[in-house]
Amino acid sequence: MSMMEGKVKVRLLILPFAVFLCVQGGLRAQFGRSSFTFLDMANSARIGAMGAEFLSARDADITLSLSNPSLITDEIHNHLAFNYVNYFNGTNYGFASYSRTFKDVGSFAVHAQFGNYGKIHVTDEYDQRSGMASANDVALIVGWGRELDSHFTIGANFKMIYSNIEAYHAFGMAVDVSATYANTSRLFAVSLLLRNMGGALKSYSGDGYTRMPFEVAVALSQRIPHTPLRIFFEFPNLQKWRLNYEDPYAEKDLISGEVKKRSGGADFFDNLARHVVVGLEIIPYRGFYIRASYNYMRSRDMMMPAKAGVVGFSWGVGFRISKFNISYSRSKFHRLGSPNFISLTLDLDAFNKHRKTKATEAFEKADGR
């Protein structure tokens, strides 16, 4: 195969990836060149229901620690989790997690994350098909967290990422760091996250180092006392103010054909709203959850103006059966499809009937009991 054929082949293979990542990241490609964007995908049913990419809540949920390492504490000691997402058009991804605490060292979590993008047609520069190829991403993530005192926790995730498309491979490393504050009652929590500090050490085409989708984000949650309500907010992409893009459906001047510019106030509030995701969790009784959220940026970027529907909204439920916590959620990314999230978690220490675990204590405190 010639050098030109190889480059054309890579571009043709990556085309379905580009479409997938645009849907996943709300047209994140506008932010600049980056690699391993699958790391930004909502990775649990609870996070998916909140329409976010990470959450802040001190209620012993191990599934939150993959994106927020400061939640790796002794409250999730000996917890195990499995998460699966049925995405679009044969694409699926998920992860498995386990956490353990060691005295005087801190708490650790290990996550194995995967993304499978189905089969892709292999073609040459003349659009002649020569077979099928697979595309996959795999990440091994080791996290560490520690309580500084009864209110503050810190944590970090070290990521090793491998990706392949047909015969082309990429490898990278990255680190996430975060810090969380929770009040004494655990009804309020706020987290600061610096995510994906790193890059691809080996790229598909050998073009050299490419950065990962670095992000600064803040998340908070508030359980309203004496009610079954908890409110979540995420403020993503704080490292960049302008998140909007050139709208192909924007109104144009009938004479000049140029796009009509919005007023300064409209443009300001549009960008401000793109930095806010709001969610609500209702806990009518212990062990049962109803969740819903709205993501303005996803709605604006992915909706069809003539048929907006409920793009940008997400919902989900969670319940506890015996020792198992099961959650399901669905996010409306586009009128043509909605990902389905399923999470299963369990506290292995809960099988000891004579032991009240720290997870149970944290759960009860976060629920206001």
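This is a predicted model: local features need pLDDT of at least 70, side-chain atom pairs count only at pLDDT 80 or more; totals for chains, interfaces and linings use all residues.
**How confident is the model?**

Across the protein chain the mean pLDDT is 83, and 80% of the residues reach 70 or more. Among the elements, strand β10 (residues 229-235) has the highest mean pLDDT, 97, while helix α1 (residues 3-25) has the lowest, 39.

**Strands side by side**

Strands β5 and β6 run antiparallel and pair over 14 bridges. You can find Thr 153 standing opposite Thr 180 in β6. The two strands form a hairpin with two residues between them, and Glu 166 in the turn has a positive phi of about 55 degrees.

On to the next pairing: β6 also pairs with strand β7 (residues 188-202), again in the antiparallel sense, over 11 bridges. Here Ala 174 has Gly 198 in β7 as its bridge partner. The hairpin of β6 and β7 has five residues between the strands, and Arg 186 takes a positive phi near 70 degrees there.

**The nonpolar core**

The largest nonpolar core holds 35 residues, and those touching the most other members are Phe 36, Phe 38, Leu 39, Leu 55 and Ile 161. Which elements each supply at least two residues of this core? They are α2 (45-49), β2 (92-102), β3 (106-123), β4 (129-147), β5 (152-165) and β6 (168-182).

Leaving aside neighbours within four places in sequence, its contacts include Phe 36, Phe 38 and Leu 39, along with Val 138 and Ala 139. Ala 170, Phe 171, Gly 172, Met 173, Ala 174 and Met 212 are also in contact with Ile 161.

**Salt bridges**

The model has 15 salt bridges.

| Salt bridge | N to O distance |
|---|---|
| Asp 59 and Arg 46 | 2.8 Å |
| Glu 75 and Arg 58 | 2.8 Å |
| Arg 274 and Asp 301 | 2.8 Å |

What does the bridge between Asp 59 and Arg 46 tie together? Asp 59 lies in the loop between α2 and β1 (79-86) and Arg 46 lies in helix α2, so the pair ties together parts that are 13 residues apart in sequence. Both Asp 59 and Arg 46 are buried.

Glu 75 and Arg 58 each lie in the loop between α2 and β1, so their bridge ties together parts that are 17 residues apart in sequence. Are these two buried or exposed? Glu 75 counts as buried because its relative accessibility is 8%, and Arg 58 is buried with a relative accessible area of 2%.

The bridge between Arg 274 and Asp 301 links distant parts of the chain, 27 residues apart. Arg 274 sits in the loop between α3 (264-273) and β11 (277-285), and Asp 301 in helix α4 (residues 296-302). Arg 274 and Asp 301 are both buried.

Finally, salt bridges that share partners join Arg 46, Asp 59, Asp 61, Arg 230, Glu 281 and Arg 291 into one network.

Technical notes. Residues are numbered from 1 along each chain as its sequence is written. Side-chain values use heavy atoms; hydrogens and water are left out. A nonpolar core is a set of buried Ala, Val, Leu, Ile, Met, Phe, Trp, Tyr and Cys residues joined through side-chain atoms within 4.5 Å. Buried means under 20% relative accessible area, exposed over 50%, partly exposed in between (1.4 Å probe, protein chains only). Helices (H or I, at least four residues) and strands (E, at least two) are DSSP runs, numbered from the N terminus. Contact means heavy atoms within 4.5 Å. A salt bridge is a side-chain nitrogen of Lys or Arg within 4 Å of a carboxyl oxygen of Asp or Glu. pLDDT is the predictor's confidence in each residue, from 0 to 100. Two strands pair if DSSP finds at least two bridges between them.
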